[in-house]
Amino acid sequence: MSAFRSDDPQWQRHLVLGEGDWRIFVRPLRPDDDPRIRDLLTHVGKEDLRLRFFDSIKEFSPEFIAALTHLDYARAMAFVAIDEISNQTLGVVRLHTDACR
């Protein structure tokens with residue numbers, strides 16, 4: 001995936017959920033999404049944070065956020081879901097390959 005481009009339309013989707021009243025845009029996570037990720041993490045409960053990161057993190061450093069948003073696309077991919085009306089980040093999903101195989 002060395003030629004991967006996060007702005008390539010083949011990796012983006014506009015989804016319509018429910019009765020058509022919820023529109024979501026899904027696209028690859030980009031390095032400039034760090035404010036979006038920081039905002040998302042402020043809305044996550046303490047127990048959820050502990051389960052996600054195996055630690056009770058109180059503050060996220062710029063380095064930590066950068067590690068979440070700067071991906072090695074040869075080994076990992078992350079997609080962000082965004083509410084098209086409010087522009088609110090709804091979630092992120094990550095996929096990682098096993099380098100041993």
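I take buried to mean under 20% relative accessible area, exposed to mean over 50%, and partly exposed to lie in between (1.4 Å probe, protein chains only). The model is predicted, so I note that local features need pLDDT of at least 70 and side-chain atom pairs count only at pLDDT 80 or more, while totals for chains, interfaces and linings use all residues. Residues are numbered from 1 along each chain as its sequence is written, and side-chain values use heavy atoms, with hydrogens and water left out.

**Strand E2.** I looked up Trp22 and found this residue in strand E2, residues 22–28 (strands are DSSP runs of at least two residues, numbered from the N terminus). Trp22 counts as partly exposed because its relative accessibility is 39%. Val26 also has its place in strand E2, and I find Val26 touching Trp11, Gln12, Arg13, Leu15, Phe79, Val80 and Ala81, leaving aside residues up to four places away in sequence (contact means heavy atoms within 4.5 Å). From Val26 to Arg13 I read 5.2 Å, C-alpha to C-alpha, across 13 residues of sequence.

**Salt bridges.** My search of the whole structure gave 4 salt bridges (a side-chain nitrogen of Lys or Arg within 4 Å of a carboxyl oxygen of Asp or Glu). Asp32 pairs with Arg30, the closest N and O atoms being 3.0 Å apart; Asp32 is exposed because its relative accessible area is 52%, whereas Arg30, at 25%, counts as partly exposed. For Asp33 and Arg36 the closest N and O atoms are 3.8 Å apart, and both residues are buried. Asp72 and Arg75 meet at 4.0 Å, N to O, and I also noted that salt bridges with shared partners join Arg27, Asp33 and Arg36 into one network.

Methods. Helix = DSSP H or I, 4+ residues; strand = E, 2+ residues; numbered from the N terminus.
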